[in-house]
Amino acid sequence: MTTTFIQDCTKRVNGYLSLILSYEEQKPERLYEAIRYACAGGKRVRACLVYAAGALFPDTPPAVLDRLAASAELIHAYSLIHDDLPAMDNAELRRGQPTCHVAYDEATAILVGDALQALAFEVITTPEPGINPQQLLSCVHILAKASGSLGMIAGQAFDLEAVGKKLSLVELDEMHKLKTGALISASVTLGALASPHATPPQLEALHIFGETIGLAFQIQDDILDAESSTEILGKTSQSDQFLNKPTYASLMSLAEAKIRAENLYLTALDELTPFGERANHLREIAQFIIQRES
Ligand code: GRG
């Protein structure tokens with residue numbers, strides 16, 4: 001159920017990323033080719049969340065949202081490249097294509113990931129009219145915290161430690177709040193921070209919305225990994241089972257996992273009530289997250 005809003009946001013961030021990555025006469029050519037290769041495709045959920053959160057407030061500058069959306073996607077792309085490396089998940093397929101280290105080589109994939117992480121912060125800190133220095137500083141802080149050892153990296157470290165182990169539901173939730181939820185939640189907060197009107201209670205509600213829908217995203221990911229095909233997913237299905245990783249699908253039945261994703265979705269929606277109709281785009285992305293098929 002891809003909506004017009006999601007299609008528009010996807011088109012917009014893809015266009016913006018193409019612009020950023022259209023380096024001319026940059027060398028080494030192979031590095032830049034690999035950077036463009038690794039940034040292509042994807043559902044662009046994090047970018048959509050940035051734009052949808054920006055729509056909660058009047059007069060949010062579109063050019064600022066473009067930068068924030070692109071930054072979130074660049075961090076996400078880097079995390080996927082490194083996650084796929086032989087030292088991590090050793091995956092061969094991503095977004096329907098050979099993973100970056102397979103298409104190029106391992107050293108290039110490491111460099112591409114590193115370059116994308118740095119580029120995310122370059123893009124976010126490039127001066128843009130419509131956002132004041134304090135807002136910008138908050139955005140950089142949020143993105144750095146979510147992608148570092150207090151967020152995604154900690155989640156990845158827990159994920160690696162968990163191989164072959166049986167985690168409790170609480171432990172699994174904690175791991176995925178960091179690994180997947182931190183960047184998803186940060187994307188929502190970034191969009192709101194593009195407006196000078198967002199209040200601390202509103203930002204808190206959006207943080208909880210993001211974290212909750214981030215957990216639902218991961219449950220849906222585990223469900224799809226268990227019951228969908230490599231062709232539809234664009235990445236190898238049943239990889240969690242192969243890698244002996246604890247997942248929601250291994251902790252409960254698929255039917256129970258689906259109910260839990262639905263309940264988290266409903267809990268997340270509660271946080272949007274005070275925003276009224278302005279939050280409709282966030283609501284449609286939340287629905288997309290639990291109904292998506294890839
Ligand atoms: C610095 C060595 C080093 C590692 C980086 C790898 C890593 C830290 C963190 C892992 C983060 C990660 C891969 C989380 C998984 C989240 C997830 C379910 C990703 C899939 O997201 P989608 O479905 O992907 O939004 P698309 O392809 O649609 O963008």
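The shell around the ligand in this predicted model is made up of six nonpolar, seven polar and seven charged residues; here Ala, Val, Leu, Ile, Met, Phe, Trp, Tyr, Cys and Pro count as nonpolar, Asp, Glu, Lys and Arg as charged, and the others, Gly among them, as polar. Of the 20 residues around the ligand, those that come nearest are Lys43, Arg46, His76, Met88 and Arg95, where a residue is near a molecule if one of its heavy atoms lies within 4 Å of it.

Helix H4 (62-84), helix H8 (152-161), helix H9 (169-193) and helix H10 (200-227) each contribute at least two residues to this shell. The largest share, six residues, comes from H4. Helices (H or I, at least four residues) and strands (E, at least two) are DSSP runs, numbered from the N terminus.

| Side chain | Ligand atom | Distance |
|---|---|---|
| Lys43 | oxygen | 2.5 Å |
| His76 | oxygen | 2.8 Å |
| Arg95 | oxygen | 2.8 Å |

Taken alone, the ligand exposes 740 Å², of which the protein buries 88%; accessible areas come from the Shrake-Rupley method with a 1.4 Å probe.

Arg95 also has a backbone feature: its phi is near 55 degrees, a positive value in a residue other than glycine. Arg95 is placed in the loop between strand S1 (93-94) and strand S2 (97-98). Pro28 belongs to the loop between helix H1 (4-20) and H2. Most residues other than glycine have a negative phi, and most peptide bonds are trans.

Helix H2 (residues 29-39) packs against helix H6 (residues 106-125): their axes come within 10 Å and cross at roughly 70 degrees. Axes are lines fitted to C-alpha atoms, for helices over the stretch in contact, and angles run from 0 to 180 degrees between N-to-C directions. H2 and H6 are therefore roughly perpendicular to each other, a term that covers 65 to 115 degrees. By class, their contact has nine nonpolar, one polar and one charged residues. On the H2 side, Arg30, Leu31, Ala34, Ile35, Ala38 and Cys39 meet Thr108, Leu111, Val112, Ala115 and Leu116 in H6, contact meaning heavy atoms within 4.5 Å.

Residues are numbered from 1 along each chain as its sequence is written, and side-chain values use heavy atoms, with hydrogens and water left out. Local features need pLDDT of at least 70, side-chain atom pairs count only at pLDDT 80 or more, and totals for chains, interfaces and linings use all residues.

Methods. Angles under 35 degrees count as roughly parallel, over 145 as roughly antiparallel, 65 to 115 as roughly perpendicular and the rest as oblique. A polar contact is a pair of N or O atoms within 3.5 Å; within protein, one must be able to donate a hydrogen and the other to accept it, and residues adjacent in sequence count only if both atoms are side-chain atoms.
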